[in-house]
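Subject: Structure handover

Hello,

Here is the structure we talked about. Please open it first, then read the notes that follow.

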Amino acid sequence: MFIETKKRKTMTPKSTINRILPVLPNIIDKYGTAVFIYDELGIRKNAERMMKSFSGLDFKQYFAVKACPNIHILKIMKDLGFGFDCSSPFELSLARIVGATPDDIMFTSNNTSVEMFRRAQEHGGSIINVDDINQIKNIPPPFPELMSFRYNPGKDRSNKEGGIFDDPSEEKFGVPEDDLLNAYRMAQVFGAWRFGLHTMIVSNELDYQYHLETIKMLLSIVMILKRELGIQIEFMNIGGGIGIPYKPDDKPFDIKALGLEATKLCQDFKKENGFVPQLCTESGRYITGPYGVLATRVINRMKKYKTFIGVDSNCLSSLVRPAMYGKLGGGYHHITFVDRKDLTVEKDGGDMENVTVVGSMCEGTDRFAFDRDMVKAEIGDVALCHDAGAHTLAMSGNYNSGLRPPEVLVRPDGSYLLISRRETEKDLFQRMRPI
């Protein structure tokens, strides 16, 4: 059980909350609740902090489009010099709309069809990162000169038990060790002569040492490929998986320490071997996750066998992570309340109670918070669900014909912009054939 006390620790940075609260009444008055709100300045500062941490290296960050697939967010990423990690044809289209060049797009899909590879090769192509040795033959001609493979090390890199992604040997992703050399050989036969190496073996990992071990692992594979096949890997991509502190007791990820130690590791490798691949990441959650909130209004207090707080949103059409991951740690989102009498002030102090915060779906997993001690909320208060800037609306759907909320971007000058409107019943009808 997680306790939100009077001395609570804010999960979304306080600076972001302080930029959102002054415009919250106007946003709610204009767009209603529920509504996603993102802090552009917070996103930009965090991205710049990441780039500075790796400034001693040849480094490139590919933003994971799946985390927050809105062209206005992606335009910010493009302005920052980021590339884009794409996993589907539509994500490719989004990246290209904001001006991504072929070298800016890392196409990492799995169970990939011929048509998906064809889309990846359109408009000058992209860096194709192959997930399985049998998919090489699915790539239509002309075969790309630059190829990458996603490596799955299996049980050797199993990490925490009960996590979202805790044992690579159980996952569908990546080329197993026994197939890796043959995958590169096959790509050479098909015509590739430039190569990269990729892996993604963890999700929301807060220990930077784990990611450092991943760099060491890839450098060892780089040397095997050099020795066995004469291939000099141009880039090594450690994927995403850099975590954010969703829970009050979580420690923030030490991006500075990872940057410093990765720099030394790569510099030492270059001194010994005469070269070192470019280091890449494809963070999404780490870049935007802490800088978004879901604002949803309390509409019911229900006393049954326990106390339920009902809000005017639901997990399945807005914040699906708590429903998807259930009681696993991966589904936790911190929640604070804004006083209905003054939407610019968060409630702090007062009576505490143990409640479950729920939405309106006909589904038992529709719970934003489960058996959590929180400041007492009244009907009309606004709940702020923290860390809602990634893997939230992007993962939502229309179960129970629920309609997805709008998205609003708070600009650095304090103004705000609607970047996606509220879904309507007309949107749902448009997909149906008329009777």
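Is Arg340 buried, partly exposed or exposed? Arg340 is partly exposed, with a relative accessible area of 38%. Please keep in mind that this is a predicted model.

**Salt bridges**

Arg340 has a charged partner. Its salt bridge is with Asp381, and the closest N and O atoms are 3.6 Å apart. Asp381 is buried, at a relative accessible area of 0%. Buried here means under 20%, so Asp381 qualifies with its 0%, while Arg340 at 38% is partly exposed.

The total count is 22 salt bridges. Two further pairs are worth a look.

Start with Lys60 and Asp104. Their side chains meet in a salt bridge of 3.0 Å, N to O. This pair also links distant parts of the chain, 44 residues apart. Lys60 belongs to strand β2 (residues 59-64). Asp104 lies in the loop between α5 (89-97) and β4. Both ends are buried: Lys60 has 15% relative accessibility, and Asp104 has a relative accessible area of 11%.

Next come Glu234 and Arg194. Their closest N and O atoms are 2.8 Å apart, in a salt bridge. Glu234 is in the loop between α8 (208-229) and β9 (235-237), and Arg194 is in strand β8 (residues 194-199), so the pair ties together parts that are 40 residues apart in sequence. Glu234 is partly exposed, at 33%. Arg194 counts as partly exposed too, at 23% relative accessibility.

There is also a network of salt bridges. It links Glu40, Arg44, Lys75, Asp79 and Arg411.

**Strand β12**

How enclosed is strand β12? Of its 5 residues (307-311), 4 are buried, so the strand is largely enclosed by the rest of the structure.

β12 pairs with strand β11 (residues 292-303) in the antiparallel sense, over 5 bridges. The two strands form a hairpin, with 3 residues between them. Within this pairing, Gly310 in β12 stands opposite Asn300.

β12 also pairs with strand β14 (residues 352-358). Those two run parallel and are joined by 3 bridges. Here Ile309 has Val357 in β14 as its bridge partner.

**Thr112**

Where does Thr112 lie? Look in the loop between β4 (105-108) and α6 (114-121). Thr112 is buried, with a relative accessible area of 4%.

Which residues does Thr112 touch, not counting residues up to four places away in sequence? They are Phe107, Phe117, Gln135 and Asn138.

The side chains of Thr112 and Gln135 are joined by a polar contact of 3.5 Å. Another polar contact, of 2.4 Å, joins the side chains of Thr112 and Ser109.

Asp132 is 20 residues away in sequence, and 9.0 Å away in space, C-alpha to C-alpha.

Best wishes

Technical notes:
Residues are numbered from 1 along each chain as its sequence is written. This is a predicted model: local features need pLDDT of at least 70, side-chain atom pairs count only at pLDDT 80 or more; totals for chains, interfaces and linings use all residues. Side-chain values use heavy atoms; hydrogens and water are left out. Buried means under 20% relative accessible area, exposed over 50%, partly exposed in between (1.4 Å probe, protein chains only). Contact means heavy atoms within 4.5 Å. A polar contact is a pair of N or O atoms within 3.5 Å; within protein, one must be able to donate a hydrogen and the other to accept it, and residues adjacent in sequence count only if both atoms are side-chain atoms. Two strands pair if DSSP finds at least two bridges between them. A salt bridge is a side-chain nitrogen of Lys or Arg within 4 Å of a carboxyl oxygen of Asp or Glu.
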